[in-house]
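Dear colleague,

Please find below the structure that I am handing over to you.

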Amino acid sequence: MTTRNDTPALASGYTTRNTTQFNAALFLLSHLPIPPAATVLDIGCGPGNLAAHISTLTSPPAHVTGIDPSTDRIALATQTHAHNPLLTFHVGIAEDLSRFPDAAFDIVFVNSTLHWVADQARAIREFARVLKPGGRLGVSGGSGDFEAAHERIKARVLARAPYAAFEEVGGPHFLTRGEMNGLLDGGGFTGGREMWVNRIVVEREGPGEMVEWLDTSSSGQTYGGVPPGELRERCREEMRVEWEAEREADGWIRMGMELLVVVAVKGE
Ligand SMILES: C[S@@+](CC[C@H](N)C(=O)[O-])C[C@H]1O[C@@H](n2cnc3c(N)ncnc32)[C@H](O)[C@@H]1O
């Protein structure tokens, strides 16, 4: 993902709209036990609410370090949790964890983020490097084996003129189960692994709310390469019209999604 489309408004809007991602994280955590006093690295930590949650799960508590390329989201995380000594936040990307030594963490936690990482193979190798032997990687994100309505609507609208002329840079890549296995094999996760499909429904009260959720979740990346301004507003309106057709009798939109959830162990 490029973070050039992110704004303070999208960053703070995400904190009020990320219940879908928070619940996805709870599913991941139900399969990823956090050891007492663990060191945890939260990749793509956003506003830091999941890092804070993880630190409360055990006694003694975990120390959680969050990284995220969005300066707006890290500013929010740092400000919100300034007085919590268990939490540390840095601007950074999954592909370059060079600020951390080898074998520094018990757990690497990646929720709703890996599909935004441009070089996923490099990121997985970095996750293995910073994990202790026997440490666990937990990942939950959109599955490449399932196409959700938001992907169909985005593709349909961006195929139209004039939007088709603007190439998308940094769009999401949702991993299939086969691709995920290939990356974990290549990255050194030889200590065993389990995968699940988490079937969820994203419910929003109409197209406006659905578009807002997509805007804040994608840090403004819903519109491909269409530049901010009047053209992007037109594109956004065309997507809103497409979502109208998805309304159910009670006016709500319910979008089915499949999340690919993985816990992989670094070999001893
Ligand atoms: C949908 S949000 C998920 C935030 C949080 N993990 C959660 O579940 O609520 C995706 C996050 O991934 C971050 N991100 C995008 N590209 C990244 C990269 N290359 N490395 C790490 N994080 C990235 C974004 O800035 C954004 O905060």
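This is a predicted model: local features need pLDDT of at least 70, side-chain atom pairs count only at pLDDT 80 or more; totals for chains, interfaces and linings use all residues.

I begin with the cis peptide bonds. One of them joins Ser59 and Pro60, with omega at about -5°. To find Pro60, please look in the loop that runs between helix 3 (49-55) and strand 2 (63-68). Another cis peptide bond links Ala161 to Pro162, and here omega is about 0°. Pro162 is likewise placed in a loop, between helix 6 (149-158) and helix 7 (177-187).

I turn next to the backbone angle phi. Ala103 is not a glycine, yet its phi is positive, at about 55°. This residue belongs to the loop between strand 3 (87-91) and strand 4 (105-111). Is Ala103 buried or partly exposed? Ala103 has 13 other C-beta atoms within 10 Å, and it therefore counts as partly exposed.

Ser219 also has a positive phi, of about 50°, although it is not a glycine. Its position is in the loop between helix 8 (207-217) and helix 9 (230-244). Ser219 is classed as buried because it has 25 C-beta neighbours inside 10 Å, the cut-off for a buried residue being 20 or more.

Yours sincerely,
A colleague

Definitions and conventions
Residues are numbered from 1 along each chain as its sequence is written. Helices (H or I, at least four residues) and strands (E, at least two) are DSSP runs, numbered from the N terminus. A residue is buried if 20 or more other C-beta atoms lie within 10 Å of its own, exposed if 12 or fewer, and partly exposed in between; C-beta atoms are placed from the backbone.
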